[in-house]
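Subject: Structure for your review

Dear colleague,

Please find below the structure that I am handing over to you. A short account of the findings follows it.

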Amino acid sequence: MNPDVLWRYLPSLLSGFGVTVLCWSAGGALGVVLGFGLALLRRLDFPPLRWTLRAFVEVFRGTPFLMQLFLLYAGGPYIGLRLSATAAGILGLGLYSSAYFAEIFRGGFATVPHGQIEAAISVGMRPLDTLLRVELPAALIAAVPAIVNMLIVLSKETVVLSIITVPELMYQMQTMAAETFTAFDAIFAMAVFYWLLVEAVSRLGARAEARVTAYMASEGARA
Amino acid sequence: MKPEVILRSFGHLTQAAGVTISVSFAGIAIGFAIGALVCVAGLSRRAWLARFGAAYVSVFRGVPLLVQLLFMYYFLAEFGLDVPALAAAVGGLALSSAAYQAEILRGAFNALPRGQAEAAVALGYADSEIWRRILLPQALRISIPPLINEFILLLKASSLVSVVGIAELTRVSMNIASMTYRPLEAYVGGGLFYLAINLTLAGFGALAERRLAAGQPR
């Protein structure tokens, strides 16, 4: 590839990378928070609510992310939801991943041995204390690897946002490719870049996972 | 919301669902063949083969699928190969899925107790027989549920081949949306088709899991 071209487009590529990171972090944070809320709500003993939440998870896990984005971005205005491409992208990432995060947290809660909860009740802990001090720490430790993994998957999904014209890295790169007739070079550079990015994120993720698990285990022991 | 828009385009959506299913099925089948080779390479005692297997998995799982698909599309064009978009799409899905399937198979082989192969050696089985009659049947049994899961993931990922112009579910939903000016109905309709296919597949997955677990020690 011609280095001049790359140099000329560097500002737009950098801003695209910024948007990618913004969408990833905001969408991921939204997904974790929503997913945690969903997992907590699913614990309530109220069947209609449980079925609704189950249906939510099935729908968002059973349809392609691209389809959800189209529905949100193109269909949203018809129900009064008028969003910019970037906002729709972040909300889409958040909703999509929240279904996966909800299942991850649910799995985390399921790993807490029942005896621990019974023990907490028998020493007279209130339900809220049992949840916050017994179940939650153990559930979170169990969920950390899956959360890190999902965040890595999500970093790759941000590329799909380019299709609804979110000005992230892939979009900027395709603009550059179209304006300079360098489609092959640009795609090749993009593949290498994303591979390095995902490798780096995976390595960092593995380290973060070890840190967080160790920290929470020690905190849990103290509490 | 006008449900009749969905009903009127039902025929188009059904046809498109057929394309989605065939593209994904071709992708998963070719991907399985490549994935099996990559898995064998990764398990190989020859260092360069093992490194090749690991590199393949790392690259194809690390690069986003959309980038891979566009790469396939432009890569073939760059060398003057006039390959139809459909072949590029199926090839892209297969190469990507192969990396995931290789990992599934590798996990299955690693899950088999070592003692079985050792016992077979002690009983005088030939290497090829150990593979064919002892390791392979068990590894396949373990990997069927995760493979069905991978099929569901690939079916969803196949919506990305709409960008190279294949008339599958997502593309046809887009067309319906732009023809009727009713994106809400068009995408809900398309989404329902995906949901129906995936729930059916998930049902098969659960069934297979139960069937295969029968008679197995817990």
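**The nonpolar core**

In this predicted model, the largest nonpolar core comprises 107 residues. Those with the most contacts inside this core are Phe70(A), Phe101(A), Val67(B) and Leu69(B). Helix α5 of chain B, residues 85-111, gives the most to the core, contributing 13 residues. As background, nonpolar side chains tend to be buried together in soluble globular proteins.

Leaving aside residues up to four places away in sequence, Phe70(A) touches Met174(B), Pro183(B) and Tyr187(B).

**Where the chains meet**

The contact between the chains draws 26 residues from chain A and 29 residues from chain B. On the side of chain A that touches chain B, at least two residues each come from α2 (47-62), α3 (65-75) and α8 (183-222) of chain A. The largest share of that side belongs to α8(A), with ten residues. By type, the residues on this side of chain A are 21 nonpolar, three polar and two charged.

**Chain B on its own**

Chain B has nine helices and zero strands, so that its pattern along the sequence reads α-α-α-α-α-α-α-α-α. Its C-alpha atoms fill a box of roughly 70 × 50 × 25 Å, taken along the principal axes. Of the 218 residues in chain B, 41% are buried. Among the contacts in chain B with a separation of 6 or more, 78% are between residues 24 or more positions apart.

Yours sincerely,
A colleague

Note on methods
Residues are numbered from 1 along each chain as its sequence is written. Chains are lettered from A and ligands numbered from 1 in the order in which they are written. This is a predicted model: local features need pLDDT of at least 70, side-chain atom pairs count only at pLDDT 80 or more; totals for chains, interfaces and linings use all residues. Two residues are in contact if their C-beta atoms, placed from the backbone, lie within 7 Å. Helices (H or I, at least four residues) and strands (E, at least two) are DSSP runs, numbered from the N terminus. Ala, Val, Leu, Ile, Met, Phe, Trp, Tyr, Cys and Pro count as nonpolar, Asp, Glu, Lys and Arg as charged, and the others, Gly among them, as polar. A residue is buried if 20 or more other C-beta atoms lie within 10 Å of its own, exposed if 12 or fewer, and partly exposed in between; C-beta atoms are placed from the backbone. A nonpolar core is a set of buried Ala, Val, Leu, Ile, Met, Phe, Trp, Tyr and Cys residues joined through C-beta atoms within 7 Å.
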